Amino acid sequence: MHFSLISTTDKFVTRSSYNVMNIKLIYVLLDGIGDLPQASLNNLTPLDAAFTPNMDALAKNGCMGQVISVGKGIAPQSDIAVFNMLGYNFKGESYVGRGVIESIGSNIDFHDGDLALRGNFATVDGGLRLVDRRAGRIISSEESRAVCKTLSEKISFTDKDASVVIEPTVGHRVTIRFRHNRIKLSDKITNTDPAYDKVNGVGVAKPTVNDMNIEKSKAQEHTEGSEIAARLVNEFTEQSIIWLKEHPVNTARIDAGKKPMNAILLRDAGNRYPMVTPISEKYGTRVACLVDMPVEVGSSKVLGMNAFDAGDISDYEKKGTKAAKLIEKFNILYVHIKGPDEFGHDGDATGKKKNIEEIDKRFFGNLTTNLRVTDPTIVISGDHSTPCNLKGHSDDPVPLLVSGNKAFKDNSARFTEYYASKGNLGLLMGADVLTTAMNSIFK
């Protein structure tokens, strides 16, 4: 099969026709990799400060650029950022919302007219002021399952036609799905999570502030579906706080010096299943992914990708080895690596630097050592930036590298924000990354 692509970057405006079944491209997105100079790292970014011989070797064998994953001025969440970085920008149409994507990734029964939201277990004080949006982040699966079981049994809505499914996923994360027997619920409601807004279905990070309170969800239109949806979300929030206040799990956490998971923040409501062109059809070749989190699993299901996993989130060696094997069977392999984002949210620049070094040594070291395919191309970027000084996502561009024997060379020496800003690929939009990468190796 032959495929024609047009690159929209400033420095590579080309059209190429080639046999895409000859591609062997590994596309690695490092979650939250982008950053800003940090005082604790002598005004270097974590990437600058990190010892990354494997990624730097790849940089010397390729070309670099920068990527705005979703849009200028948008500090995106991972779901919409990943879709864009895979070539789907939803421009001119409303996005379905992260809640829907995570419900699909969590295997929750979801139909059009249901309402799905992403949730965070959080810690609040007696005045509902947020102490920690992630309840200390360290939450075992046993704790989250026990809490969700209690809430599933205890929560009762004033509207008897309404029901809820509460599904714990990973760590502080939880997915909520509301259903109404009589009407279709509307997604036109506001978040209870004060750290995020929703614009045309897209979750957008707000500037981080010290004093935040759980917000009441408000209907954004004067319809029965919108007003009932907001009411259900508020009843769920209020009852969750009541039932979690003296829950045995939280009693044990407090006794152990941990933060209680005594509230659930909700955001990014969605009420319809997304309809998109399958990714293998879009690019005319076989595409697979290696992913862990519900949001990436959900994205892979929506796009019709063959999805694989390899151990826990931080099993970087296993993921590197698995990626090297999978690319033998597929033409494009998307790999999502967690780690940097969490250190960014925690404001831990030193931790982020060390995590990047672990990824370089354990993932990229194993990947490059075990690759057996001829002339593979490795593309490295991120879904968004998570600067440690902001403790949240930002609209700063992320670095991009296209590396391989077929790739153009631009004298990049390291995989860092600095070399990305000087690279010959220039500044790209996320939806153009894959087409640009393929054009650059089939120039």
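User: In this predicted model, which residue of strand 8 is the bridge partner of G119?

Analyst: That's V174.

User: What makes strand 5 and strand 8 a pair?

Analyst: Two strands pair if DSSP finds at least two bridges between them. Strand 5 (residues 115-124) and strand 8 are joined by six bridges, so they meet that cut-off. They run antiparallel.

User: How do you know that strand 7 pairs with strand 8 too?

Analyst: Try the cut-off of at least two bridges again. Seven bridges join strand 7 (residues 162-168) to strand 8, so this is a pair as well.

User: Why is strand 8 called largely enclosed?

Analyst: Buried means under 20% relative accessible area. Eight of the eight residues of strand 8 (residues 173-180) are buried, so the rest of the structure largely encloses it.

User: What makes you say both faces of strand 8 are covered?

Analyst: In a regular strand, side chains alternate between the two faces of the sheet. Here R173, T175, R177 and R179 sit on one side, with V174, I176, F178 and H180 on the other. They're all buried, so both faces count as covered.

User: Okay, now the second largest pocket: what lines it?

Analyst: Its lining has 17 residues, with V170, D292, D312, I313 and S314 nearest the centre. They divide into six nonpolar, four polar and seven charged. The volume of this pocket is about 440 Å³.

Methods. Residues numbered from 1 in each chain as written. Predicted model: local features only at pLDDT ≥ 70, side-chain atom pairs only at ≥ 80, totals over all residues. Heavy atoms only, no water. 1 Å grid on protein atoms, 1.4 Å probe; cavity = no way out; pocket = protein on both sides within 12 Å on 5 of 7 lines; lining within 4 Å. Points joined across faces, edges and corners; volume = space filled by probe spheres on them. Nonpolar A, V, L, I, M, F, W, Y, C, P; charged D, E, K, R; others polar. Buried < 20%, exposed > 50% of the residue type's maximum accessible area, 1.4 Å probe, protein only. Helix = DSSP H or I, 4+ residues; strand = E, 2+ residues; numbered from the N terminus.
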